[in-house]
Amino acid sequence: MIAGHLEPYLVLSSLLFSIGAFGFLARRNAISMLMSIEVMLNAVNLAALAFGAFMPTLAGQGVAFALLIIAVAAAEATVGLAIVIAIYRNRKTPLVDEYDAMRQ
Amino acid sequence: MSGEMMTIAPLLTVIFGAVAVLIADMVVPARRYTPIAVALAALGAAAVFITAQGGGVTIALAGAYVTGPFVSYLGLLGITVTTITLLMTPDHVGDRGYPTAEFASILLFALAGAILVAASTDLVTLFIGLELLVIPGYLLAGYAKRDPLSTEGAVKYFLLGSFSSAILLFGIVLLWGSSGTASLSGIAAALASGSATPALAVALALITTGASFKIAAVPFHYWTPDAYQGSPTPITGYLSVGPKVGAFALAIKLFLVALAPLALLWVPVVAVLAAATMTLGNLVALTQLNVKRMLAYSSIAHTGYLMVGLVAAGLGEVAGISGILFYGAAYAFMNLGAFAVLTAIQGRPGSTTQLSDLAGLGRRHPLLAILAAVFLLSLTGIPPTAGFFAKAYVILAAVQAGGAAALLAIVAVLNAAVAACYYLRVIIYLFMREPAEPPVEVATPPLLRIGLILAAIGTIALGLAPTLLIEAVARAIAP
Amino acid sequence: MTDTPLSTAPLLLILPLIGFAFTAAFGRRLGKRAHIVPLVAIAAVWVLAMGLAIPALLGDPALGGEGSSLTLFTWIASGDLIFNVGIHVDGLTGALLLVVTSVGALVHLYSVGYMSHDGSYWRFFAYLNLFMFSMLLLVLADNLLVVFAAWELVGLSSYLLIGFWYTKREPGLASKKAFITNRVGDVGFALGLMGLVAVFGSLDIHTILAGIEAGALTGPAATVIALLVFCGAVGKSAQFPLHVWLPDAMEGPTPVSALIHAATMVNAGVYLVARMSPLFAASHEAMLIVAAIGIFTAIFAASIAFTQTDIKRVLAFSTLSQLGYMFAALGVGAWIPAIFHLITHGFFKGLLFLGSGSVIHAVDGEQEMPKMGGLARKIPITYATMLIGTIAIAGLPPLAGFWSKDEILGEAFKFGFGWVWLVGLLVAGMTAFYMFRLMGMTFWGESRVNPAVHVHESPWTMTLPLVALAVPTIVAGFLLGFPFADGILVHGLKPVFAPANELLGHEHEAWTLFGIDGLLMLASVTIAAIGTAIGIRLFSSDHTQLLSSITTRLRPLYEGSRSRWYFDDLNDLVFVQAGGRVARALWWFDRRVVDGAVNGVGTIASSSGRGLRQIQTGRVQNYALGIAVGLIAMVIVYLMVAA
């Protein structure tokens with residue numbers, strides 16, 4: 001058990017998540033968007049760790065959950081970078097709003 | 001083999017198969033069919049293991065992985081979908097200069113994810129399974145890496161998919177934390193005794209959004225048309241079926257097991273989404289002249305019909321779940337079949353899938369055109385094809401559930417009538433228009449032929465003798 | 001209930017299905033022998049069907065009365081939603097089997113000759129067998145879900161057959177229109193079925209009918225459900241305002257018109273309403289609407305038939321009109337006369353369509369009557385048999401049409417529907433008129449045929465079905481309907497409609513020759529004779545020679561009702577000038593307004609689709625924003641609902 005309350009951690013986690021989501025909406029560069037998603041996932045990690053630390057029934061589970069999320073995030077980032085590199089080769093730009101050959 | 005090993009044997013077989021495909025490709029490099037053969041062998045072995053389990057309930061991985069008739073059903077369905085995809089794809093991507101080994105391997109990993117989703121009993125395993133199901137999808141969408149459209153679709157799919165995964169994950173963690181357990185049934189028990197807190201409401205919203213994205217429900221469907229249009233055609237067929245059916249397995253687990261006590265909260269929301277999904281999918285499909293993109297919108301509409309089953313099940317009508325399972329199988333056969341036909345008319349690399357490309361196919365390739373008509377009629381819901389019973393199943397379940405579901409059933413019937421128009425238009429082009437000049441190049445290599453025939457057999461057999469599958473469905477949902 | 005009498009019934013479905021599968025698979029290789037398997041299959045079906053239909057109609061203890069059922073398989077959709085899929089045979093099924101298999105078998109034979117020059121000979125027979133399977137499934141099924149499946153399937157096979165000559169533009173458009181218009185009706189039908197599931201938790205016909213008899217469905221609910229089911233019937237049987245597809249469907253090969261658009265599929269709607277008679281009887285309003293739509297279609301279509309010059313279109317509008325008659329009969333509760341007319345109409349309209357096909361064959365594909373004329377002596381068998389059909393449809397005794405039409409009008413009057421009777425009487429006269437107009441323009445007078453065409457009688461495979469259909473056209477009315485109100489059909493069908501009659505409170509009265517019935521009969525015969533006389537008068541230039549047989553028989557009426565100067569002018573004024581104008585106006589209304597509305601629905605759907613597709617901008621940011629907005633909306637909704 002650690003000192004303090006669960007709520008501040010959750011508030012911080014929500015803020016981080018919102019910042020990540022805002023970044024995803026606001027950035028045009030595919031790499032920046034990928035990084036924003038990482039921020040969102042780490043916000044979730046924080047929430048998972050906080051729950052694990054403060055909820056007696058979840059003791060120990062939080063760490064395991066967070067580790068798995070990190071693994072998933074790594075896999076996602078790998079795949080994402082590969083795809084971004086592929087389209088960069090085709091289009092010579094990382095700006096996603098120029099990828100609009102398909103619409104309607 | 002120990003009991004635990006036997007339980008997870010199908011999953012392990014598929015994962016080892018995925019690795020074996022890559023090893024085989026290293027040993028005998030650059031063969032088009034060797035990886036496919038290895039992958040098919042792995043699928044066969046997995047199917048044997050599932051059959052050997054006989055639908056019995058067994059537990060593995062400390063209770064995180066529990067098999068049973070439901071898992072067997074979805075496992076065999078997943079194997080069927082993967083098999084047909086493996087048959088459709090190698091010549092199409094091979095002719096365009098892409099390797100088949102990576103494709104086969106990625107596809108098997110996705111299948112492993114689907115099996116994991118079906119067998120999971122807790123939120124963590126469920127999420128891992130989902131990611132294992134969808135991440136290969138991003139890779140497959142961008143498989144034609146030198147094709148600007150394929151990579152564009154993949155980027156959109158990947159970015160939005162990861163965004164929605166993060167949203168779903170946040171919801172899952174909130175649900176896990178506020179109910180104090182990861183077990184799906186444990187959550188249901190906790191929710192049944194507790195009250196709806198704001199944190200729970202937020203978790204529910206996040207989960208609904210994330211899950212709606214994965215099944216491609218309106219208004220979270222935007223990625224679908226672009227990712228589907230850009231991907232190599234047989235892969236589009238897979239993307240429109242595999243991840244969707246897997247995501248519905250996830251929805252069943254989340255909404256009908258864990259969140260069942262909150263049904264009063266989510267049923268109206270899902271019902272509204274279902275109505276919007278069917279209607280938007282069908283109306284926009286009416287305006288499409290590219291058949292691939294039209295089928296993308298039509299697959300959105302089919303998501304809507306499947307959601308009708310979800311709503312019915314949420315109101316306590318078990319036929320809703322069996323409807324989803326039956327619909328999933330019918331949809332797999334008919335949609336894969338339709339995409340197999342599109343694959344065949346793209347015999348030459350660089351060819352398109354415009355409606356006009358299909359003109360006069362009935363004259364020059366009558367058999368292919370007849371198969372196309374069968375798939376399209378099934379998608380429309382005309383008997384005696386699988387699509388008719390699939391629609392009848394979910395709609396009747398909704399009527400039986402009554403209330404909001406009955407209204408939804410009416411929307412579904414009206415939508416089915418609209419859908420007839422655009423499917424029919426394709427049939428008219430197939431049989432009643434002069435062939436395009438110069439005619440499109442049709443290629444039906446042997447594997448694609450087998451895939452087409454399998455899809456056609458499934459589509460017609462489920463239409464003529466739906467009881468074949470209905471009994472399996474009934475076993476799958478039996479408590 | 002015992003299953004034994006129905007042991008052969010599944011073969012009725014299996015044989016055409018085998019014929020279809022075999023021909024679809026191997027037909028191309030068989031070339032001109034492709035018809036053998038389908039033809040043998042349907043001949044066997046006919047024999048088997050007679051073995052069921054005749055005992056059923058004669059009130060055989062095993063098949064008559066309540067009928068007999070055979071469960072094929074059970075689908076447990078959920079714990080309390082169970083579908084027993086099976087076959088049911090009773091008097092009503094028997095009546096339908098009689099028409100469907102007889103006309104079906106003869107049309108198969110006829111097609112051997114008619115389609116012999118067609119490159120896709122095998123495809124035609126494959127479709128025909130598929131159609132027969134669907135139609136038989138429709139009449140045999142004991143579960144509305146199966147009926148609905150068969151309903152869609154007959155629509156599909158008719159779609160394939162209308163568009164058979166798909167290389168031409170019109171058949172393609174016509175088949176599309178037929179399919180889509182039917183879908184509109186089917187939506188109503190499907191919604192009606194959903195209502196029935198909601199009320200009874202089943203689509204088993206017996207469960208539903210038993211429930212209605214027990215009073216489980218009354219009031220507005222009954223009206224709504226009955227009308228929704230009726231929507232399906234309106235679509236399939238081409239009643240106003242969903243009739244637009246049938247005249248266009250004449251673009252299909254003529255045997256198809258005879259089989260599907262005259263004798264079988266279009267009757268499916270009549271069958272459905274008759275089968276669900278207690279459902280309709282439970283709602284006075286629904287019955288009234290059925291009667292009104294029926295009788296309106298009858299007069300509307302008859303008036304349009306006046307001005308048509310395409311021989312098949314005249315017959316198509318005539319079919320609409322006669323189907324309207326049947327619905328009017330159903331609407332007034334004259335169930336048995338409606339089915340009676342279904343049978344007789346199936347025979348004589350099938351005959352007329354096949355005859356028209358023979359005419360078209362003779363004049364080398366010409367369908368416009370102004371380019372015919374004087375064909376009577378050149379194609380005598382076709383002429384003689386079509387004349388029999390025309391007399392029958394005109395309602396002149398003693399041919400089949402007289403018996404059934406007279407019963408409809410008589411019962412309409414006796415059940416207190418004077419307006420139905422009056423309009424029906426008028427339509428009877430109009431029918432006689434335009435049918436003799438058709439005969440006159442085609443067969444009598446001077447030949448206007450292109451001299452380059454060698455007019456020839458059709459081969460035996462085509463004339464034999466004509467002769468074979470002429471037999472029931474002459475005798476079916478008498479055999480089934482005599483003595484009046486007490487004939488075979490009345491006995492065979494009375495148990496089927498007893499529940500509906502009980503709900504309506506209809507008593508079956510004795511028929512009186514020297515009472516009201518005799519008077520009504522005299523009225524309908526008189527009006528038919530007047531119509532006939534006018535038709536002959538206007539459309540035969542040398543009637544003394546060619547029409548001696550007819551005019552001699554009708555001479556007293558013909559001479560008596562005709563006052564030369566007065567009639568010529570009046571005829572011209574009423575029928576040619578005013579009648580023509582009204583008919584043209586109705587034709588315009590039909591093409592522009594009704595047809596336009598049907599097309600308009602499609603336009604609205606696709607323009608809203610075009611609007612909706614604008615949200616797909618192609619940009620990831622816009623999509624992500626859409627997802628975020630959706631998420632926020634959902635959070636708000638859930639928070640509000642939870643609070």
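Me: Within what distance do the axes of helix H13 (residues 284-305) of chain C and helix H18 (residues 418-443) of chain C come, and at roughly what angle do they cross?

Reply: In this predicted model, the two axes come within 9 Å and cross at roughly 25°.

Me: Why are H13(C) and H18(C) called roughly parallel to each other?

Reply: The axes cross at roughly 25°, and angles under 35 degrees count as roughly parallel. H13(C) and H18(C) are therefore roughly parallel. As for handedness, H13(C) passes H18(C) in a left-handed crossing.

Me: Which residues of H13(C) and H18(C) meet?

Reply: From H13(C) come C:Ala291, C:Ile295, C:Ala298, C:Ile299, C:Ala302, C:Ser303 and C:Ala305. Their partners in H18(C) are C:Val420, C:Val423, C:Gly424, C:Leu426, C:Val427, C:Met430, C:Thr431 and C:Tyr434. By class, the residues of this contact are twelve nonpolar, three polar and no charged.

Me: What is the secondary structure of chain A?

Reply: Chain A comes to three helices and zero strands, and its pattern along the sequence is α-α-α.

Me: Why is chain A described as more spread out than a compact globule?

Reply: The globule rule gives 13 Å for 104 residues, whereas the radius of gyration of chain A is 17 Å, well over that value, so chain A is more spread out than a compact globule. The C-alpha trace of chain A spans about 50 × 25 × 25 Å along its principal axes. Of its 104 residues, 37% count as buried. Among contacts in chain A between residues at least 6 apart in sequence, 49% join residues at least 24 apart.

Me: How do you know that chain B is as compact as a globular protein of its length?

Reply: Chain B has 19 helices and two strands. For its 479 residues the globule rule gives 23 Å, and the radius of gyration is 21 Å, close to that value, so chain B is as compact as a globular protein of that length. Its C-alpha trace spans about 70 × 55 × 40 Å along the principal axes.

Me: What percentage of the residues in chain B are buried, and what makes a residue count as buried?

Reply: A residue is buried if 20 or more other C-beta atoms lie within 10 Å of its own; 71% of the 479 residues in chain B are buried. Among contacts in chain B between residues at least 6 apart in sequence, 79% join residues at least 24 apart.

Me: How many residues of chain A are in contact with chain B, and what makes a pair count as a contact?

Reply: Two residues are in contact if their C-beta atoms lie within 7 Å, and 33 residues of chain A are in contact with 31 residues of chain B. Helix H1 (6-26), helix H2 (30-54) and helix H3 (61-91) of chain A each give two or more residues to this side. The largest share, 15 residues, comes from H3(A). By class, this side of chain A has 27 nonpolar, four polar and two charged residues.

Me: Which element gives the most to the side of chain C that touches chain B?

Reply: In this interface 50 residues of chain C are in contact with 62 residues of chain B. H25(C) gives the most to the chain C side, with 14 residues. That side divides into 33 nonpolar, twelve polar and five charged residues.

Note on methods:
Residues are numbered from 1 along each chain as its sequence is written. Chains are lettered from A and ligands numbered from 1 in the order in which they are written. This is a predicted model: local features need pLDDT of at least 70, side-chain atom pairs count only at pLDDT 80 or more; totals for chains, interfaces and linings use all residues. Axes are lines fitted to C-alpha atoms, for helices over the stretch in contact, and angles run from 0 to 180 degrees between N-to-C directions. Helices (H or I, at least four residues) and strands (E, at least two) are DSSP runs, numbered from the N terminus. Angles under 35 degrees count as roughly parallel, over 145 as roughly antiparallel, 65 to 115 as roughly perpendicular and the rest as oblique. A crossing is left-handed if the near helix is turned anticlockwise from the far one by less than a right angle, and right-handed if clockwise. Ala, Val, Leu, Ile, Met, Phe, Trp, Tyr, Cys and Pro count as nonpolar, Asp, Glu, Lys and Arg as charged, and the others, Gly among them, as polar. The radius of gyration is taken over C-alpha atoms; the globule rule is 2.2 Å times the number of residues to the power 0.38. A residue is buried if 20 or more other C-beta atoms lie within 10 Å of its own, exposed if 12 or fewer, and partly exposed in between; C-beta atoms are placed from the backbone.
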